[in-house]
Amino acid sequence: MTTPNPEALTAQDLPKLLQDDNRVKVAGLDVDGILRGKVISKKKFLSVAEAGFGFCSVIFGWDMHDKTYMRELKISNAENGYRDILAIPDLKTFRRIPWENNIPFFLISFCDPETKEPICACPRGLLQSQLDRLHKKGYGAMAGAEYEFYTFKTPDDSKSPAPFLQQNPHDQLPSLTEGMFGYSLNRPVHNKDYYYEVFDSCAAFSCNIEGWHTESGPGVFEAALEFDEVAEMADRASLFKYVVKSVGTQHGIIPCFMAKPRQGLPGNSGHVHISVVDKDGKNLLARDAPDENAQWKDIAHLSDLGRHFLAGILTGLPDIMPLFAPTINSYKRLVENFWAPVTVSWGLEHRAASIRLLSPPTSKPSATRFEVRVPGADTNPHYVMAAILGCGWRGVEKKLEIPCPPLAMGQDVGGDADMGERLAKSLKEATERFMAKDSIAREVFGDDFVEHFGGTRENEIRLFDEAVTDWEMKRYIETV
């Protein structure tokens, strides 16, 4: 059967498309970027494909371990009975899951059952609302994503690390390979079935990998996903993690997207590349001719729109950090001397700054873009891209000026030449700024989203405040 074009799919096409199927898998994203879904019968799916169906709102009322938030939030709580919200399948997202006997799969978006508008915390809805601001001007955005992740061997037959970690220290979990060997041609051969199955499964699942290699660290891989329209890219980034984890289960391998799994080693980044285009696909960040009078040579080839967009991201960055670093562990990665950005900083081809500008003369004009290097692999890609678009477009609308000079090659982030503000050092510090009454996050996303997501982060902070860690026990059990 010829593979259909998902862009052209309508509800009327579904009976023929699914004629040989008896079930469909659907899933949406929660605030932590976790896919939450289920399998439903074909009959049920056909009956709800246009109007949507009820889905328990508790996925926005509990944390990543299914424990309800200590402070109940507006979307889902005991008072409203953890009511159903409306889940609407996005027919454009059709694909089949190759490692699950090609069961049909669709992403869903979550809407208010009364207004039919996306709920404030729906990741796909939040990104679309920011993208709509560009669409009103006839513009769009393109994006790419790069993810690093550690891999560990499953220590027993459970296919999950949870039972092992209940009885053993986490540092006893064996790495897939040992030592530092980035861009190695030899290391992937040790686990070549897994390595190539990830690549091929991503292609079959329509979240294609552009580049795939080992990164420096024990059992660390990095994947660069194929550049695409920003909303599609966010979907693919979310599904990439699903592929990696699903394939890993079949090979006794545990992928880990924590920002900092191992002390003393580099963390896992989740860099995002972004550009703005017109309706014909022309890159609007590129300048038609070099600006001989540019304030800094780094922006000689960057358009005025591009300069304002860059200024918007830099200005907003301190206020939206929980979206780029959403967990307690995120801030273990954002420390000096580990190739991680820790300040409001930027520079042409600067690989340690928060924003790396790629433009002529080191790239062709059509490839002009920003690489936002603050996010880790533990982020929700829809929230990350919504934050980049929202803050960047705010800079365009307000014609903001770039707030700090670029870092030159050889100048360290956090060094004497770095005039940018130090970013938050903890989730608590970041969340307090995110939720402040004058926060740029409130201006860009609105109070409802900030109160909800900020509330989920306050819950994470409280859980950690109450935790007794291995470090504390090792340090104090005998000495105090």
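Predicted model: local features only at pLDDT ≥ 70, side-chain atom pairs only at ≥ 80, totals over all residues.
**View 1. Helix α8 packs against helix α11.** Two packed helices are described by the angle between their axes and the distance between the axes. Helix α8, which covers residues 304–316, and helix α11, which covers residues 381–398, pack at an angle of about 120°, and their axes are 6 Å apart. Because angles from 65 to 115 degrees count as roughly perpendicular and only those over 145 as roughly antiparallel, α8 and α11 are therefore described as oblique to each other. Their crossing is right-handed. On the α8 side the contact involves L305, H308, F309, G312, I313, T315 and G316, and these meet I388, L389, C391, G392, W393, R394, G395 and V396 of α11. Sorted by class, the residues of this contact are eight nonpolar, six polar and one charged.

**View 2. Helix α3 also packs against α11.** The axes of helix α3 (residues 123–135) and α11 come within 9 Å of each other and cross at roughly 25°. Since angles under 35 degrees count as roughly parallel, this angle makes α3 roughly parallel to α11. The crossing of α3 with α11 is left-handed. From α3 the contact draws on P123, R124, L126, L127, Q130, L131, R133 and L134, while α11 contributes H382, Y383, M385, A386, L389, G390, W393, R394 and E397. The residues of the contact between α3 and α11 comprise ten nonpolar, three polar and four charged.

**View 3. The second largest pocket has a volume of about 850 Å³.** This pocket is lined by 39 residues, and those closest to its centre are E146, E222, H271, R351 and E371. Several strands take part in the lining, with β7 (139–153), β8 (209–214), β9 (220–225), β12 (272–278) and β15 (369–372) each supplying at least two residues. Strand β7 gives the most to the lining of this pocket, namely six residues. When the lining residues of the second largest pocket are sorted by class, 15 are nonpolar, 13 are polar and eleven are charged.

**View 4. The structure holds one cavity of 30 Å³ or more.** Rolling a probe the size of a water molecule over the atoms shows where empty space is left. The largest cavity contains about 80 Å³ of space, and its lining is made up of 13 residues, with T177, R187, T214, G219 and V220 lying nearest its centre. Both α5 (187–190) and β9 supply at least two residues each to the lining of the largest cavity. By class, the lining of the largest cavity consists of five nonpolar, six polar and two charged residues.

Methods
Residues numbered from 1 in each chain as written. Heavy atoms only, no water. Axes fitted to C-alpha atoms, helices over the stretch in contact; angles between N-to-C directions. Helix = DSSP H or I, 4+ residues; strand = E, 2+ residues; numbered from the N terminus. Left-handed = near helix turned anticlockwise from the far one by under 90°. Contact = heavy atoms within 4.5 Å. Nonpolar A, V, L, I, M, F, W, Y, C, P; charged D, E, K, R; others polar. 1 Å grid on protein atoms, 1.4 Å probe; cavity = no way out; pocket = protein on both sides within 12 Å on 5 of 7 lines; lining within 4 Å. Points joined across faces, edges and corners; volume = space filled by probe spheres on them.
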